[in-house]
Amino acid sequence: MTCCDRRDVGLLLLRLGTGGVLAAHGAQKLFGWFGGGGVEGTGEFMESVGYAPGRQSALAAGLAEAGGGTLLALGLATPAAGAAAAGAMAGAAALHAPNGFFAAEGGYEYAASLGLTAAGLAVSGPGRLSLDHASYHVLDRGWMVPLALGVTAAVTAAVVGARAQRVRRKREGEQEALFEE
């Protein structure tokens with residue numbers, strides 16, 4: 001048996017690509033790198049689209065993306081890393097969903113692709129070319145997968161649901177009167 005096979009190389013490539021993109025995306029939110037708004041600018045944006053409080057939402061999204069992406073790329077704590085990144089991308093997909101599927105029209109295609117890939121890596125595991133494998137999978141146990149994905153799904157549903165209520169209330173407050181008095 002060799003130290004790795006093509007499955008391990010494939011998982012490494014998926015982890016590096018997806019993790020790198022997520023880490024850069026999170027760095028935009030946290031540090032303002034790569035043309036991002038940093039915590040303040042991203043926080044203002046988050047508040048404007050219904051994720052409140054904005055600064056805390058920006059921090060949570062930035063940490064989930066940058067931290068989850070970095071850990072995915074390294075193949076460390078893969079269930080938690082993949083779940084955190086998938087949760088952040090579910091929040092982004094909810095924001096873009098009214099614009100349809102395709103990213104060219106502002107849709108959720110990009111966020112969904114990153115989120116599903118991160119979730120898939122959480123489920124499949126990192127492969128043998130990873131820090132999880134080198135550390136005997138101390139942070140990558142089978143029971144951690146459903147726990148990480150379940151907790152993330154519950155938190156994401158609560159956050160996205162609260163945003164939907166805020167957006168709905170704001171829209172109702174802006175609605176014109178149907179009848180003149």
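## Salt bridges and a nonpolar patch

D5, D8 and R128 are linked in a network of salt bridges, a salt bridge being a side-chain nitrogen of Lys or Arg within 4 Å of a carboxyl oxygen of Asp or Glu. The model is predicted: local features need pLDDT of at least 70, side-chain atom pairs count only at pLDDT 80 or more, and totals for chains, interfaces and linings use all residues. Residues are numbered from 1 along each chain as its sequence is written, and side-chain values use heavy atoms, with hydrogens and water left out.

Side chains of opposite charge can pair when their charged atoms come close. By the rule above, the count is four salt bridges.

| Pair | Distance, N to O |
|---|---|
| R128 and D5 | 3.3 Å |
| R128 and D8 | 2.8 Å |
| K29 and E65 | 3.1 Å |

Helices here are DSSP runs of H or I with at least four residues, while strands are runs of E with at least two, and both are numbered from the N terminus.

The side chain of R128 also meets that of D8 in a salt bridge. This pair links distant parts of the chain, with D8 in helix α1 and R128 in the loop between α5 and α6, 120 residues apart. R128 is partly exposed, with a relative accessible area of 24%, and D5 is partly exposed at 36%. D8, by contrast, is buried at 2%. Buried means under 20% relative accessible area, exposed over 50%, and partly exposed in between (1.4 Å probe, protein chains only).

K29 and E65 form a further salt bridge. It links K29 in helix α1 with E65 in helix α3 (residues 54–74), 36 residues apart. K29 is buried, with a relative accessible area of 14%, and E65 is buried at 2%.

Elsewhere, W143, L147, V151, V155 and V159 make a nonpolar surface patch of about 490 Å². Patches consist of residues with over 30% relative accessible area and no salt bridge; like charges are joined within 9 Å, and nonpolar side chains (Val, Leu, Ile, Met, Phe, Trp, Tyr) within 5 Å. Accessible areas come from the Shrake-Rupley method with a 1.4 Å probe, and for residues only the protein chains shown count as cover. W143 is placed in the loop between α6 and α7 (144–174) and is exposed, with a relative accessible area of 54%.
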